[in-house]
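Here are a few notes to go with the structure, written for someone opening it for the first time. Have the sequence at hand as you go through the points.

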Amino acid sequence: MTQKAKIGIVTVSDRASVGIYEDISGPAIIETLNDYLTSEWEPVYVVIPDEQDVIEKTLIELADEKNCCLVVTTGGTGPAKRDVTPEATEAVCDRMMPGFGELMRAESLKFVPTAILSRQTAGLRKDSLIVNLPGKPKSIRECLDAVFPAIPYCIDLMEGPFLECDEEVIKPFRPKAK
């Protein structure tokens, strides 16, 4: 029987603590993952303020307690002083995966010259892959389209749930066995 994947979706926003805030980024991630995935999965969705200790606590909870194989954040990756998502991610990860950020920036540069200001990153915490995405829904989809083909295999290597994809939408890369 295939294990149902839990995927953490974290929207980081300094407007989250204000109370009057409609998140469009988290739902954009959920919609994109629904487009990609044909295997069963469960979103664990939270909106939190742009505070490093809160982000760290949330990432740890999603990875260690909620057992999310993948945690995707949106927001807090720019150069503003309040943008601390990459720092929080680095603080809680055992190992960093810099290729994700490099590819997302390269992809985003095809659309906007300010992509070089983005500080997206990714890392591994125990059995979870944590990926930081930008905050705009259009950019979220562009970045996920670029990096998602590697995510199912990364999760395979971490002995997580097998993520099956709609190959008409996104084609995951898994090396062929010899």
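**Notes on packing and the core**

1. Let's start with two helices that meet: Phe100, Leu103, Met104, Glu107 and Ser108 of α4 are in contact with Glu142, Cys143, Ala146 and Val147 of α5. Sorted by class, the residues of this α4 and α5 contact come out as 6 nonpolar, 1 polar and 2 charged. Keep in mind throughout that this is a predicted model.

2. How do the two helices lie against each other? The axes of α4 and α5 come within 9 Å and cross at roughly 125 degrees. That angle is why α4 counts as oblique to α5. As for handedness, the crossing of α4 and α5 is right-handed.

3. Helix α5 has another partner to look at, namely α1: the two pack at an angle of about 35 degrees, with their axes 9 Å apart. Here too we have a crossing, of α1 and α5, that is right-handed. On the α1 side the contact uses Ser25, Ala28, Ile29, Thr32, Asp35 and Tyr36, and on the α5 side Pro137, Ile140, Arg141, Leu144 and Asp145. In terms of class, the contact of α1 with α5 has 6 nonpolar, 2 polar and 3 charged residues.

4. Next pair: helix α2 (residues 52-65) and helix α3 (residues 85-92), whose axes come within 9 Å and cross at roughly 45 degrees. This makes α2 oblique to α3, and α2 passes α3 in a right-handed crossing. To find the contact, look for Gln52, Ile55, Glu56, Leu59 and Ile60 in α2, and for Thr85, Glu87, Ala88, Thr89, Ala91 and Val92 in α3. The class count for α2 with α3 is 6 nonpolar, 3 polar and 2 charged residues.

5. Now for the inside. Nonpolar side chains in soluble globular proteins tend to be buried together. In this model the largest nonpolar core has 32 residues, and Leu70, Leu129 and Phe148 are the ones with the most contacts inside it. Two or more residues each come from β1 (5-12), α1 (25-36), β3 (70-74), α4 (98-109), β5 (122-125), β6 (128-133), α5 (137-147) and α6 (151-157). Which element gives the largest share of this core? That would be α1, with 5 residues.

6. Leu129 deserves a click of its own. Leaving out residues up to four places away in sequence, Leu129 touches Cys69, Leu70, Val71, Met97, Phe100, Ala122, Gly123, Leu124, Ile151, Cys154 and Met158. There is also a second, separate core, made of 14 residues, including Val10, Leu62, Val92 and Cys93.

7. Is Ile7 buried or exposed? This residue of strand β1 has a relative accessible area of 0%, so Ile7 is buried. Not counting residues up to four places away in sequence, the neighbours that Ile7 touches are Leu33, Leu37, Trp41, Glu42, Pro43, Val44, Cys68 and Leu70. Take Val44 from that list: Ile7 and Val44 are 37 residues apart in sequence, but their C-alpha atoms are 6.0 Å apart in space.

8. Val72 sits in strand β3, and with a relative accessible area of 1% Val72 is buried. Its contacts, again without residues up to four places away in sequence, are Gly8, Ile9, Val10, Ile29, Val131 and Leu133. From Val72 to Leu59 the spacing is 13 residues in sequence and 9.5 Å in space, C-alpha to C-alpha.

9. Finally, two backbone spots to check. Asn67 is not a glycine, but its phi is positive, near 55 degrees. Look for Asn67 in the loop between α2 and β3, where its 55% relative accessibility makes it exposed. Glu159 also has a positive phi, about 65 degrees, although Glu159 is not a glycine. Glu159 belongs to the segment after α6 and is exposed, at a relative accessible area of 73%.

Methods: Residues are numbered from 1 along each chain as its sequence is written. This is a predicted model: local features need pLDDT of at least 70, side-chain atom pairs count only at pLDDT 80 or more; totals for chains, interfaces and linings use all residues. Side-chain values use heavy atoms; hydrogens and water are left out. A nonpolar core is a set of buried Ala, Val, Leu, Ile, Met, Phe, Trp, Tyr and Cys residues joined through side-chain atoms within 4.5 Å. Buried means under 20% relative accessible area, exposed over 50%, partly exposed in between (1.4 Å probe, protein chains only). Helices (H or I, at least four residues) and strands (E, at least two) are DSSP runs, numbered from the N terminus. Contact means heavy atoms within 4.5 Å. Axes are lines fitted to C-alpha atoms, for helices over the stretch in contact, and angles run from 0 to 180 degrees between N-to-C directions. Angles under 35 degrees count as roughly parallel, over 145 as roughly antiparallel, 65 to 115 as roughly perpendicular and the rest as oblique. A crossing is left-handed if the near helix is turned anticlockwise from the far one by less than a right angle, and right-handed if clockwise. Ala, Val, Leu, Ile, Met, Phe, Trp, Tyr, Cys and Pro count as nonpolar, Asp, Glu, Lys and Arg as charged, and the others, Gly among them, as polar.
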